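User: I would like to learn how to read aromatic rings in a protein model. Can you take me through one?

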Amino acid sequence: MHVVVVFLLSALLPLSCSHGRDPFAWLYGAQSQRFGSLQADNTGGDCPDECDCPPSFPVAMYCDGRGLTAMPTIPSRVKYLYLQNNAITAVPDSALVNATNLVWLMMHYNQLTSDAIGKKAFQQLTGLERLYLQHNNLTAFPSNLPRTLQDLRIDHNKIEKVTPADLEGMDNLTILYLHDNAVTDMGTSLTALKSLTLLEISGNKLTKVPEALPEHLHQLYLESNSIDSLPEGFMGRFTQLQYVRMAHNQLTDKGIPANTFNVTGLVELDLSFNKLERIPPVSTTLQHLYLQANQIKEFTLGSFCSVVDVTNFSKLRTLRLDGNEISRQDIPTESTLCLRLTSSIEV
């Protein structure tokens, strides 16, 4: 039987070949197309041996966690470059000249220093949207950062000062992580950030709230600084601010102007681990309030509700007062009407 099948197939070959067509193309044509698409794309240069450039995603280059000490050669087609978790110490001006199509550049957890980053290293990256430089040894912002950046993470470094020139022209920046540095002053550097929605500057050495905060902020994190007072009208200029965290500062009652936090729109307020002796007045729309580890001596129901009836009550769901100088007996019985949505009051 096998001999007959072979004979029949061999008989068909001349007939098919006479028409210039492979008779078995239907068997492997689909497979060759499928695997052909997974061949390495060398457009704009070869993938370095120390990195991976998946054929299924040729615009990405993965060089993370490879023990690199220097920048690899980057093909011009690459848009997403992952260089985190290495020991790279420098980014010379020539390192990214061929990488002008970059959209994401991940360089966190390396050993970069400010002196070793060329002044023009990032200048040609005119389409860069995300730049991650956290957990390095930077003492200043790199020069000539792309104005197209939307997400800049430069936390866990040794930056002491931020100047207006560092962030000039960054109209598209929406996220800035600058926490866990050594910043003492930001001046008016944030003025240019018209689109900023998240500002994380906790864990620095600030003694006052930065000037000219962007008015479209949605999240503001200032924890673990040395801020002892807030400017007049601090919250009034924001139209979208919902989350404010100022735990672990030096805030006192005297340093907070009346009704600073009594603004609609605020969802979460964290003032824990400060030096407050009274509960500051807050809006009835606030949902989460953290005041633990202060020096509060009295439960003032008027801080939450000026009027209490069927339709007027606080929307507060979380209230922490533990670590203060009050006990559960200090909470008035009428608080159950004002704080009717609060699941529990921790004292």
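User: How many aromatic pairs are there, and what is the rule?

Analyst: Rings of Phe, Tyr and Trp (its six-membered ring) pair if their centres lie within 6.5 Å. Planes under 30 degrees apart count as stacked, over 60 as edge-to-face, and the rest as tilted. By this rule there are five aromatic pairs. One of them is Y62 with Y82, which is stacked: 4.7 Å centre to centre, with 5° between the planes.

Analyst: A note on the source. This is a predicted model: local features need pLDDT of at least 70, side-chain atom pairs count only at pLDDT 80 or more, and totals for chains, interfaces and linings use all residues. Residues are numbered from 1 along each chain as its sequence is written, and side-chain values use heavy atoms, leaving out hydrogens and water.

User: Where in the chain do Y62 and Y82 lie?

Analyst: Strands (E, at least two residues) are DSSP runs, numbered from the N terminus. Y62 is in strand β1 (residues 60-62) and Y82 is in strand β2 (residues 80-82). They are 20 residues apart, so the pair links distant parts of the chain.

User: Is Y82 buried or exposed?

Analyst: Buried means under 20% relative accessible area, exposed over 50%, partly exposed in between (1.4 Å probe, protein chains only). Y82 has 15% relative accessibility, so Y82 is buried. Y62, at 26%, is partly exposed.

User: Why is the pair of Y80 and W104 edge-to-face?

Analyst: Their planes meet at 85°, so the pair is edge-to-face; the ring centres are 5.2 Å apart. Y80 is in strand β2 and W104 in strand β3 (residues 104-106), 24 residues apart. Ring pairs also link F57, Y80 and W104 into a cluster.

Technical notes
Helix = DSSP H or I, 4+ residues; strand = E, 2+ residues; numbered from the N terminus.
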